Amino acid sequence: MSSSSSASAVPPEDDVCSVCHDRFRIPCQANCSHWFCGECIIRVWHHGPAVQACKCPICRRLINLLVPAPLSDQEDDPQLHRILGEIQHYNCIFGGAPRSLTQRLQDLPFFIRRLFRELMDPQRTLPLVFRARMMMMVALSAIYVLSPVDILPESVLGLFGFVDDLLILLIVFLHLAAVYRSLLLYRHGRQ
């Protein structure tokens, strides 16, 4: 079965799709970090109401983003293009839907892991504007957290004074995840 222990660019070699119980064909990672065959997860979606995002067959979370793994072979396969088109359609329908704060918090580890993996991977390149904006946000939030000037000073309020620091970090990470998510949707929309 598919494991949610890490958000990697490719599924684990010894893993199988939890829908068809076979090796992955056109592997896709859902926002809950589970892997499925692209065709299988689209079939799960078609089996339910078409106006509602499908739930992950493993953890039952709503899937509002499917990220296909990079494929090097089968570039001219018409079935590949059809499945990737359906995945793009799925992401267009459910990728931009308003999500609750709890859904955003649940998706946060997935997007942050993928973002930092892309930052550290010399093979992948994020747009310069996004990279600069992200570095500036992280630097400014670090300066705020480490500076003695606070909205709620730690010296006066003790541990309660760290609430504003945690809030700033949470807002920065939520924003980074949202921008990275929109970048993923944009990239897969152009393919």
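Guide: A contact here means heavy atoms within 4.5 Å. Among contacts between residues at least 6 apart in sequence, 63% join residues at least 24 apart. The model is predicted, so local features need pLDDT of at least 70 and side-chain atom pairs count only at pLDDT 80 or more, while totals for chains, interfaces and linings use all residues. Residues are numbered from 1 along each chain as its sequence is written, and side-chain values use heavy atoms, with hydrogens and water left out.

The chain has six helices and three strands; helices (H or I, at least four residues) and strands (E, at least two) are DSSP runs, numbered from the N terminus. Along the sequence their order is β-β-α-β-α-α-α-α-α. Of the 191 residues, 39% are buried, where buried means under 20% relative accessible area, exposed over 50% and partly exposed in between (1.4 Å probe, protein chains only). The chain exposes about 11,000 Å², and carbon and sulfur atoms supply 65% of that area. Accessible areas come from the Shrake-Rupley method with a 1.4 Å probe; for residues, only the protein chains shown count as cover.

Now the core itself. A nonpolar core is a set of buried Ala, Val, Leu, Ile, Met, Phe, Trp, Tyr and Cys residues joined through side-chain atoms within 4.5 Å. The largest one holds 24 residues, of which Phe36, Ile63, Leu66 and Tyr90 touch the most other members. At least two residues each come from β1 (27–30), β2 (35–37), α1 (38–47) and α2 (78–94). Helix α2 gives the largest share, five residues. A second, separate core has 18 residues, including Phe111, Leu115, Leu119 and Tyr180.

Leu66 shows how these parts meet. Not counting residues up to four places away in sequence, Leu66 touches Gln29, Ala30, Ile41, Ile42, Ile87, Tyr90 and Asn91.

Helix α1 has Gly38, Cys40, Ile41, Ile42 and Trp45 buried. The cover over the buried residues of α1 includes β1, β2, β3 (66–68) and α2. Ile42, in this helix, has 3% relative accessibility and therefore counts as buried. With neighbours within four places in sequence left aside, Ile42 is in contact with Leu66, Glu86, Ile87 and Tyr90. Ile42 and Ile87 are 45 residues apart along the chain, and their C-alpha atoms are separated by 7.2 Å.

Aromatic rings come next. The whole structure contains three aromatic pairs; rings of Phe, Tyr and Trp (its six-membered ring) pair if their centres lie within 6.5 Å, and planes under 30 degrees apart count as stacked, over 60 as edge-to-face and the rest as tilted. Trp45 and Tyr90 have ring centres 4.9 Å apart and planes at 85°, so this pair is edge-to-face. Because Trp45 lies in helix α1 and Tyr90 in helix α2, the pair ties together parts that are 45 residues apart in sequence. Trp45 is buried, with a relative accessible area of 4%, and Tyr90 is buried at 0% relative accessibility.

Tyr90 also pairs with Phe94, in a tilted arrangement with 4.8 Å centre to centre and 55° between the planes. These two residues of helix α2 are four residues apart, so about one helical turn separates Tyr90 and Phe94. Tyr90 and Phe94 are both buried. Together, Trp45, Tyr90 and Phe94 form one aromatic cluster.
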